[in-house]
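The following explanation is intended for a reader who meets this structure for the first time. Please consult the sequence and the model while reading.

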Amino acid sequence: MRSGGRLVPVLGWCAATLTSVALASVAMLPVLRTATPDESALVSVDQLRESGELAPTPLPQVSAADPTPRPEPSAKPSPSRSRSAKPSSTPARTSATPSPPKTTSATARTTTEDGWTVTTDGDGTKSYVRSFRVDGGQAVIRMTEDKVEVVTATPSDGYSVATVQNSPDNLAVYFNEVNHSFVIHAVWHVDRPFVEVSEVGK
C-alpha cells in the first residue's frame, strides 16, 4: 500500500510535464513554420553554374617529386617605361648692350668779317651775327646760308617794332613812330649777308 501511495505523486508530475511540453510545442509551431525555408526559393548547384555565379576553382599544381601544392603563377606586371626629361640644349640668350655712337668733338672758330661775327662749326657751316643800331631802336640779326632771323629787336622810347619776312632769306625790321620809320633790311645775297638801313618819313 505504501508503494502505491508513492506512485501517485510521480504520475502526477509526469502528467504535468507532458502537458507543459505539449503547450510549448503548440506555442512554437508558428515560429518554426516561419523559420522553415521555402522550397521554391532553393537553387541547385547546376543553376548556379549556368548563371555563372559558381565558377570552377582551379586545382593547385602538384609535381611527383614535390607533393606540396603550388599556387598558380600570377601574371607579372609589365614594367612601365618612364620617359626621362631630356636636358634642354637651347643656349641662354645674353642681351648685348649697344655701344654708344661715337661722337667727334670739333672746336668752333670765331672770326670777324666786315663787322660780322662769324662762327665756323666743325662741319664748316658759318653763321653771321651783327648788331644794328638806329634812332628808332636796336636789332641783332643772325644769318646762315639762305636763312635770316632776328635774335633781338628793342625799340627806343616812343617807337614800336615790327618784322616782315617774305622768305627765309629776306627779312625787314621796322622801328616805327607816327609818320616816321627806320628800316633794317637783311638779305642773304650771293653767298654773303647783305644789310641795308633806311629811314622813311619825318
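The structure is a predicted model, in which local features need pLDDT of at least 70 and side-chain atom pairs count only at pLDDT 80 or more, while totals for chains, interfaces and linings use all residues. Residues are numbered from 1 along each chain as its sequence is written, and side-chain values use heavy atoms, with hydrogens and water left out.

Some terms are needed for the sheets. Strands are DSSP runs of E with at least two residues, and helices are DSSP runs of H or I with at least four residues; both are numbered from the N terminus. Two strands are said to pair if DSSP finds at least two bridges between them.

Val129 stands opposite Arg142 in β4.

Another open sheet has four strands, ordered β6-β7-β8-β9, again with antiparallel pairing. Its edge strands are β6 (160-167) and β9 (192-201), each of which pairs on one side only. Neighbouring strands are here turned by 15° against each other on average, direction ignored. Strand β7 (residues 170-177) and strand β8 (residues 180-189) are joined in the antiparallel sense over eight bridges, and Glu177 stands opposite His180 in β8.

Two loop residues remain to be described. Asp114 is placed in the loop between β1 and β2 (116-120). Its phi is near 50°, a positive value in a residue other than glycine. Asp191 lies in the loop between β8 and β9, and phi of Asp191 is near 60°, likewise a positive value in a residue other than glycine.

A residue counts as buried under 20% relative accessible area, as exposed over 50%, and as partly exposed in between (1.4 Å probe, protein chains only). Asp114 is exposed, with a relative accessible area of 59%. Asp191, at 57% relative accessibility, also counts as exposed.

Conventions. Axes are lines fitted to C-alpha atoms, for helices over the stretch in contact, and angles run from 0 to 180 degrees between N-to-C directions.
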